[in-house]
Amino acid sequence: MSLLQQAEQSPDTERMFDTDTKAMGYLPNYTRLFAHSPAAYLAWQQLNGAVKAGMELRRYELATLAAARALKSSYCGLAHGKVLRDKFFDAPTVVAIASDHGSASLSAQEVAVVNFAGKVAADATSVIEADIVDLRSHGLDDTEIFRVILAVGARCFFSTVLSAARAEPDPQYSESLDVNLRQALSFGG
């Protein structure tokens, strides 16, 4: 599952496991990992919920996938690529988004968001005023831009934790995603 041993069982971990198993239909490997710190997991869920609540789901998922790609997080790439496939696009389009989003059937605004999200995840200090001006020119206001930054920042936390512990993507992704999509969403970490 990861480089770390499984956490000891406690009432908190049992609640986590039950909740996530009911929500997902299986126990994700990331839940097992976060059993080492149930309070951090709860805080993550609250933070991520607040970030998602302020955005359109499609934009959130595109920004999240861009961050996962920049961070080389296969786990998050598979998870959020699956959401994009299930809710917004067909599999070949998600493959295109994952490999060369500029050639996918995204709007100009979505391409700008994916470009920006990838840049923030790869090197937040490289963001300059022109990047913000570009997003404004594509119709985003400053609150929407800030929400993209929040989505990327939250993904950086979660992806970094999973990658550093070498949490393996859940085997359910092998069952639910075709081989081309799995390969496109497996970014290396």
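In the predicted model, the buried residues of helix α1 pack against α2 (29-34) and α3 (38-53). These buried positions are T13, M16, F17 and D20. Viewed down the axis of α1, they fall within an arc of 95°, so they line one face of the helix. An α-helix has 3.6 residues a turn, so residues three or four places apart point the same way. On the face of α1 turned away from the buried side lie the exposed residues P11 and K22. The 14 residues of α1 (residues 11-24) should span 20 Å at 1.5 Å a residue, and the separation of the end C-alpha atoms, 20 Å, agrees with this. G25 follows α1 and has a positive phi, near 85°.

Helix α9 (residues 142-164) contains 23 residues. From its first C-alpha to its last, α9 reaches 32 Å, close to the 33 Å expected at 1.5 Å a residue. The buried residues of α9 are I145, V148, A151, V152, A154, R155, C156, F158, S159, L162 and S163. Their cover includes α2 and α3, the two helices against which the buried residues of α1 also pack. Further cover for the buried residues of α9 comes from α4 (57-71), α5 (74-87), α7 (108-122) and α8 (129-137).

The largest nonpolar core comprises 60 residues. Within this core, the residues with the most contacts are L106, V148, L162 and L185; V148 and L162 are among the buried residues of α9. With neighbours within four places in sequence left aside, L106 is in contact with L62, F89, I97, H101, V111 and V114. In soluble globular proteins, nonpolar side chains tend to be buried together.

At the level of the whole protein chain, there are 11 helices and zero strands, and the pattern along the sequence is α-α-α-α-α-α-α-α-α-α-α. The radius of gyration is 17 Å, close to the 16 Å that the globule rule gives for 189 residues, so the protein chain is as compact as a globular protein of that length. Along the principal axes, the C-alpha atoms fill a box of roughly 50 × 35 × 25 Å. Of the 189 residues, 44% count as buried. Among contacts in the protein chain with a separation of 6 or more, 71% are between residues 24 or more positions apart. The protein chain exposes about 9,300 Å², of which carbon and sulfur atoms supply 54%.

Methods:
Residues are numbered from 1 along each chain as its sequence is written. This is a predicted model: local features need pLDDT of at least 70, side-chain atom pairs count only at pLDDT 80 or more; totals for chains, interfaces and linings use all residues. Side-chain values use heavy atoms; hydrogens and water are left out. Helices (H or I, at least four residues) and strands (E, at least two) are DSSP runs, numbered from the N terminus. The expected span of a helix is 1.5 Å times one less than its number of residues. Buried means under 20% relative accessible area, exposed over 50%, partly exposed in between (1.4 Å probe, protein chains only). The arc is that of the directions from the helix axis to the C-beta atoms. Contact means heavy atoms within 4.5 Å. A nonpolar core is a set of buried Ala, Val, Leu, Ile, Met, Phe, Trp, Tyr and Cys residues joined through side-chain atoms within 4.5 Å. The radius of gyration is taken over C-alpha atoms; the globule rule is 2.2 Å times the number of residues to the power 0.38. Accessible areas come from the Shrake-Rupley method with a 1.4 Å probe; for residues, only the protein chains shown count as cover.
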